[in-house]
Amino acid sequence: MANAVSKTIDDLRERGALSGVDVANVAEVSKATVSRWVTGKAAPQPKTQLVLSDLRYVVDRLSEIGRAHV
């Protein structure tokens with residue numbers, strides 16, 4: 001079963017076309033750290049969770065704008 005962080009990262013990959021490296025760069029962590037989050041072996045710190053939440057918000061907004069202009 002996927003955890004909430006894993007679902008968020010999957011959504012960023014699908015809707016935002018972001019790679020694990022992209023997420024790592026925005027969150028200022030290593031790609032290996034993102035991989036551990038996805039597999040549930042680690043969890044982001046609260047500050048990083050906020051960064052991921054903000055990134056998801058931006059991707060959601062851009063997705064809405066893209067749909068409005070199609």
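User: What covers the buried residues of α2?
Analyst: In this predicted model, the cover over the buried residues of α2 includes α1 (4-16), α3 (31-39) and α4 (46-68).

User: And which residues of α2 are the buried ones?
Analyst: Helix α2 spans residues 20-27, and its buried residues are G20, V23, A24 and A27. They lie on the same side of α2, because the arc they cover around the axis is only 100°.

User: What does V34 touch, leaving aside residues up to four places away in sequence?
Analyst: With those neighbours left out, V34 touches I9, G20, V23, A24 and V29. Of these contacts, G20, V23 and A24 are also listed among the buried residues of α2.

User: Where does V34 sit, and is V34 buried or exposed?
Analyst: V34 belongs to helix α3. Its relative accessibility is 1%, so V34 counts as buried, the cut-off being under 20%.

User: How far is V34 from V21?
Analyst: The C-alpha atoms of V34 and V21 are separated by 8.2 Å, and the two residues are 13 apart along the chain.

User: Staying in α3, what about T33: buried or exposed?
Analyst: T33, which also lies in helix α3, counts as buried because its relative accessibility is 16%.

User: Which side chain does the T33 side chain make a polar contact with?
Analyst: The partner is the side chain of S30, at 3.0 Å.

User: Changing topic: at what angle do α1 and α4 pack?
Analyst: The angle between α1 and α4 is about 35°, and their axes are 10 Å apart. Their crossing is left-handed.

User: Which residues meet there?
Analyst: From α1 the residues are V5, T8, D11, L12, R15 and G16. On the α4 side they meet L52, L55, R56, V59, D60, S63 and R67.

User: How do those divide into nonpolar, polar and charged?
Analyst: The contact of α1 with α4 has 5 nonpolar, 3 polar and 5 charged residues.

User: Now the backbone. Which residue just after α2 takes a positive phi?
Analyst: That residue is E28, with a phi of about 60°. The value is positive although E28 is not a glycine.

User: Where is E28 placed, and is E28 buried or exposed?
Analyst: E28 is in the loop between α2 and α3. Its relative accessibility of 73% is over the 50% cut-off, so E28 counts as exposed.

User: What is the phi of A17?
Analyst: Phi of A17 is near 55°, again a positive value in a residue other than glycine. A17 lies in the loop between α1 and α2.

User: Is A17 buried or exposed?
Analyst: A17 counts as exposed, because its relative accessibility is 64%.

Notes
Residues numbered from 1 in each chain as written. Predicted model: local features only at pLDDT ≥ 70, side-chain atom pairs only at ≥ 80, totals over all residues. Heavy atoms only, no water. Buried < 20%, exposed > 50% of the residue type's maximum accessible area, 1.4 Å probe, protein only. Helix = DSSP H or I, 4+ residues; strand = E, 2+ residues; numbered from the N terminus. Arc of directions from axis to C-beta. Contact = heavy atoms within 4.5 Å. Axes fitted to C-alpha atoms, helices over the stretch in contact; angles between N-to-C directions. Left-handed = near helix turned anticlockwise from the far one by under 90°. Nonpolar A, V, L, I, M, F, W, Y, C, P; charged D, E, K, R; others polar. Polar contact = N/O pair within 3.5 Å; in protein donor to acceptor, adjacent residues only side chain to side chain.
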